[in-house]
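Please read these points with the model open beside them. They go from single residues to the chain as a whole.

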Amino acid sequence: MVYNIHMETRTYKERSEYLKKKVIERRKKLKLMAIEYKGGSCYFCKYKKCHEALEFHHIERDNKDFGLSSRGLTRSWKRVQQELDKCVLVCANCH
């Protein structure tokens, strides 16, 4: 039996930078999915030009399990959806 052992050739720093980049990419992807899930535009004024200006506002503060800021977008899509169901999508101006 022959084993093909792949030795990691990246340094710790290179691996760390790679992982940071992947987390940033995943957070951006989940935010876009979350925006689409909530209708794609501000609940109040229907703004939708720049996704970076859109935010999630919890309707009932006491019902909030976690914030949907960048740290919240590291959870599974299923957990994010459950939290999104407690929110409205608003633009920065309306928020």
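**Notes on the predicted model**

1. Glutamate 83 is buried, at a relative accessible area of 1%; buried means under 20% relative accessible area, exposed over 50% and partly exposed in between, with a 1.4 Å probe and protein chains only. The model is a predicted one, in which local features need pLDDT of at least 70 and side-chain atom pairs count only at pLDDT 80 or more, while totals for chains, interfaces and linings use all residues. Residues are numbered from 1 along each chain as its sequence is written, and side-chain values use heavy atoms, with hydrogens and water left out.

2. Glutamate 83 has a salt-bridge partner in lysine 86, with 3.3 Å between the closest N and O atoms. A salt bridge here is a side-chain nitrogen of Lys or Arg within 4 Å of a carboxyl oxygen of Asp or Glu. Lysine 86 is itself buried, at 18% relative accessibility.

3. Lysine 86 also forms a salt bridge with aspartate 65, at 2.8 Å from N to O. This pair links distant parts of the chain, 21 residues apart: aspartate 65 sits in the loop between strand S1 (54–58) and helix H2 (77–84), and lysine 86 in the loop between H2 and strand S2 (87–91). Helices (H or I, at least four residues) and strands (E, at least two) are DSSP runs numbered from the N terminus. Aspartate 65 counts as exposed, with 58% relative accessibility.

4. A search of the whole structure gives four salt bridges. One of them joins lysine 20 and glutamate 17, at 3.6 Å from N to O. Both residues lie in helix H1 (residues 12–37), and because they are three residues apart, about one helical turn separates them. Lysine 20 is partly exposed, at 46% relative accessible area, and glutamate 17 is partly exposed too, at 43%.

5. Where does serine 41 lie? Serine 41 is in the loop between H1 and S1. Its relative accessibility of 16% counts as buried.

6. For the chain as a whole, the secondary structure comes to two helices and two strands, in the order α-β-α-β from the N terminus. The radius of gyration is 18 Å, well over the 12 Å given by the globule rule for 95 residues, so the chain is more spread out than a compact globule. That radius is taken over C-alpha atoms, and the rule is 2.2 Å times the number of residues to the power 0.38. The C-alpha trace spans about 60 × 25 × 25 Å along its principal axes.

7. Of the 95 residues, 22% count as buried. Among contacts between residues at least 6 apart in sequence, 63% join residues at least 24 apart.

8. The chain carries 22 positive and 12 negative side chains, and the centres of the two sets are 2 Å apart. Lys and Arg count as positive and Asp and Glu as negative, leaving out His and the chain ends; each charge is placed at NZ of Lys, CZ of Arg, CG of Asp or CD of Glu.

Terms used: Contact means heavy atoms within 4.5 Å.
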